[in-house]
Amino acid sequence: MKLTYRGVDYEHNPLTVELTPEEIGGKYRGATWERRYPRHIPVPQPVAELKYRGVPYHIGDPLDVEAMMHRKQRTGSKTEATVTKRKKLTEDLARTHLVHIQRNLEHRLQVAKEQGNQHLIQLLEEEAKQLA
(Lines give C-alpha, C1' and ligand atoms only; values in the text may rest on other atoms or scores of the structure.)
Protein backbone atom coordinates (compact mmCIF):
# COMPACT_ATOMS: atom_id res chain seq x y z
CA MET A 1 0.00 0.00 0.00
CA LYS A 2 1.46 3.33 -1.05
CA LEU A 3 0.94 6.23 1.38
CA THR A 4 2.06 9.84 1.67
CA TYR A 5 2.85 11.77 4.84
CA ARG A 6 3.81 15.47 4.64
CA GLY A 7 4.77 15.07 1.03
CA VAL A 8 6.91 11.97 1.57
CA ASP A 9 5.80 8.79 -0.19
CA TYR A 10 6.37 5.48 1.53
CA GLU A 11 5.28 1.87 1.28
CA HIS A 12 3.19 0.55 4.13
CA ASN A 13 3.25 -3.19 4.58
CA PRO A 14 1.21 -4.00 7.67
CA LEU A 15 2.05 -7.17 9.53
CA THR A 16 -0.41 -9.91 8.88
CA VAL A 17 -1.47 -11.90 11.89
CA GLU A 18 -2.16 -15.51 11.09
CA LEU A 19 -5.29 -16.60 12.93
CA THR A 20 -5.98 -20.19 13.84
CA PRO A 21 -9.57 -21.33 14.46
CA GLU A 22 -10.30 -22.78 17.86
CA GLU A 23 -12.59 -25.72 18.55
CA ILE A 24 -14.97 -23.38 20.34
CA GLY A 25 -17.84 -22.22 18.14
CA GLY A 26 -21.54 -22.41 17.68
CA LYS A 27 -24.61 -20.77 16.26
CA TYR A 28 -26.15 -17.52 17.35
CA ARG A 29 -29.46 -16.37 15.83
CA GLY A 30 -28.87 -18.64 12.88
CA ALA A 31 -25.32 -17.46 12.13
CA THR A 32 -22.38 -19.74 12.82
CA TRP A 33 -19.40 -18.38 14.66
CA GLU A 34 -16.04 -19.69 15.71
CA ARG A 35 -13.42 -18.29 17.94
CA ARG A 36 -9.98 -17.54 16.44
CA TYR A 37 -6.71 -16.75 18.12
CA PRO A 38 -3.33 -15.61 16.82
CA ARG A 39 -0.95 -18.39 15.84
CA HIS A 40 1.55 -19.01 18.61
CA ILE A 41 4.81 -17.19 18.06
CA PRO A 42 7.55 -18.89 20.08
CA VAL A 43 9.31 -16.59 22.51
CA PRO A 44 12.81 -17.69 23.44
CA GLN A 45 12.97 -18.69 27.08
CA PRO A 46 15.76 -17.02 29.05
CA VAL A 47 18.59 -19.20 30.25
CA ALA A 48 18.97 -19.20 34.01
CA GLU A 49 20.87 -21.15 36.59
CA LEU A 50 18.59 -21.73 39.56
CA LYS A 51 18.68 -23.61 42.83
CA TYR A 52 15.79 -25.24 44.69
CA ARG A 53 16.44 -26.52 48.21
CA GLY A 54 20.15 -26.67 47.48
CA VAL A 55 19.79 -28.62 44.21
CA PRO A 56 21.03 -26.68 41.16
CA TYR A 57 19.10 -26.83 37.87
CA HIS A 58 18.91 -24.87 34.63
CA ILE A 59 16.02 -23.56 32.56
CA GLY A 60 15.95 -22.55 28.93
CA ASP A 61 16.76 -24.05 25.56
CA PRO A 62 19.07 -27.05 26.07
CA LEU A 63 21.56 -25.73 23.50
CA ASP A 64 21.70 -22.35 25.24
CA VAL A 65 22.14 -24.07 28.61
CA GLU A 66 24.99 -26.16 27.18
CA ALA A 67 26.67 -23.02 25.79
CA MET A 68 26.32 -21.30 29.18
CA MET A 69 27.92 -24.29 30.92
CA HIS A 70 30.90 -24.24 28.51
CA ARG A 71 31.39 -20.50 29.04
CA LYS A 72 31.25 -21.03 32.78
CA GLN A 73 33.88 -23.80 32.63
CA ARG A 74 36.22 -21.57 30.64
CA THR A 75 35.94 -18.83 33.25
CA GLY A 76 36.10 -21.34 36.15
CA SER A 77 39.60 -20.25 37.20
CA LYS A 78 38.36 -16.68 37.61
CA THR A 79 35.47 -17.95 39.72
CA GLU A 80 37.81 -19.95 41.97
CA ALA A 81 39.99 -16.88 42.48
CA THR A 82 36.92 -14.87 43.42
CA VAL A 83 35.83 -17.55 45.92
CA THR A 84 39.32 -17.57 47.46
CA LYS A 85 39.28 -13.78 47.80
CA ARG A 86 35.85 -13.90 49.43
CA LYS A 87 36.95 -16.56 51.91
CA LYS A 88 40.01 -14.49 52.86
CA LEU A 89 37.87 -11.37 53.22
CA THR A 90 35.36 -13.27 55.39
CA GLU A 91 38.14 -14.63 57.61
CA ASP A 92 39.66 -11.14 57.99
CA LEU A 93 36.26 -9.72 58.87
CA ALA A 94 35.63 -12.44 61.48
CA ARG A 95 39.07 -11.84 63.00
CA THR A 96 38.47 -8.08 63.18
CA HIS A 97 35.05 -8.65 64.74
CA LEU A 98 36.57 -10.90 67.42
CA VAL A 99 39.25 -8.28 68.19
CA HIS A 100 36.58 -5.60 68.65
CA ILE A 101 34.54 -7.86 70.95
CA GLN A 102 37.66 -8.55 73.05
CA ARG A 103 38.48 -4.82 73.30
CA ASN A 104 34.92 -4.06 74.36
CA LEU A 105 35.09 -6.84 76.98
CA GLU A 106 38.41 -5.51 78.34
CA HIS A 107 36.93 -2.02 78.66
CA ARG A 108 33.83 -3.34 80.46
CA LEU A 109 36.06 -5.38 82.79
CA GLN A 110 38.18 -2.29 83.57
CA VAL A 111 35.06 -0.24 84.37
CA ALA A 112 33.73 -3.04 86.60
CA LYS A 113 37.05 -3.15 88.50
CA GLU A 114 36.97 0.65 89.00
CA GLN A 115 33.44 0.35 90.40
CA GLY A 116 34.42 -2.61 92.56
CA ASN A 117 31.51 -4.76 91.31
CA GLN A 118 32.77 -8.30 92.05
CA HIS A 119 29.71 -10.06 90.59
CA LEU A 120 30.09 -8.22 87.24
CA ILE A 121 33.87 -8.90 87.24
CA GLN A 122 33.18 -12.62 87.68
CA LEU A 123 30.62 -12.63 84.83
CA LEU A 124 32.96 -10.75 82.50
CA GLU A 125 35.86 -13.12 83.27
CA GLU A 126 33.62 -16.10 82.42
CA GLU A 127 32.68 -14.36 79.16
CA ALA A 128 36.39 -13.84 78.41
CA LYS A 129 37.02 -17.59 78.90
CA GLN A 130 34.23 -18.38 76.40
CA LEU A 131 35.78 -16.11 73.79
CA ALA A 132 39.23 -17.70 74.13
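Let me start with the core. The largest nonpolar core holds 5 residues: Leu105, Leu109, Ala112, Ile121 and Leu124. By nonpolar core I mean a set of buried Ala, Val, Leu, Ile, Met, Phe, Trp, Tyr and Cys residues joined through side-chain atoms within 4.5 Å. Buried is under 20% relative accessible area, exposed is over 50%, and partly exposed is in between, with a 1.4 Å probe and protein chains only. Two or more residues of this core come from each of α2 (76–115) and α3 (118–131). The largest share, 3 residues, is from α2.

A word on the source. This is a predicted model, where local features need pLDDT of at least 70 and side-chain atom pairs count only at pLDDT 80 or more, while totals for chains, interfaces and linings use all residues. Residues are numbered from 1 along each chain as its sequence is written, and side-chain values use heavy atoms, leaving out hydrogens and water.

What does leucine 109 contact, leaving aside its neighbours within four places in sequence? Ile121, Leu124 and Glu125. Contact here means heavy atoms within 4.5 Å.

Now the whole chain. It has 3 helices and 6 strands. From the N terminus on, the order is β-β-β-β-β-β-α-α-α. The radius of gyration is 36 Å, well over the 14 Å that the globule rule gives for 132 residues, so the chain is more spread out than a compact globule. That radius is taken over C-alpha atoms, and the rule is 2.2 Å times the number of residues to the power 0.38. Helices (H or I, at least four residues) and strands (E, at least two) are DSSP runs, numbered from the N terminus.

More on the layout. The C-alpha atoms fill a box of roughly 100 × 50 × 45 Å, along the principal axes. Of the 132 residues, 6% are buried. Take the contacts with a separation of 6 or more: residues 24 or more positions apart account for 5% of them.

Last, one residue among the strands. Arginine 35 sits in β4, residues 31–38. Is arginine 35 buried, partly exposed or exposed? Partly exposed, because its relative accessibility is 48%. Which residues does arginine 35 touch, not counting those up to four places away in sequence? Thr20, Pro21, Glu22 and Ile24.
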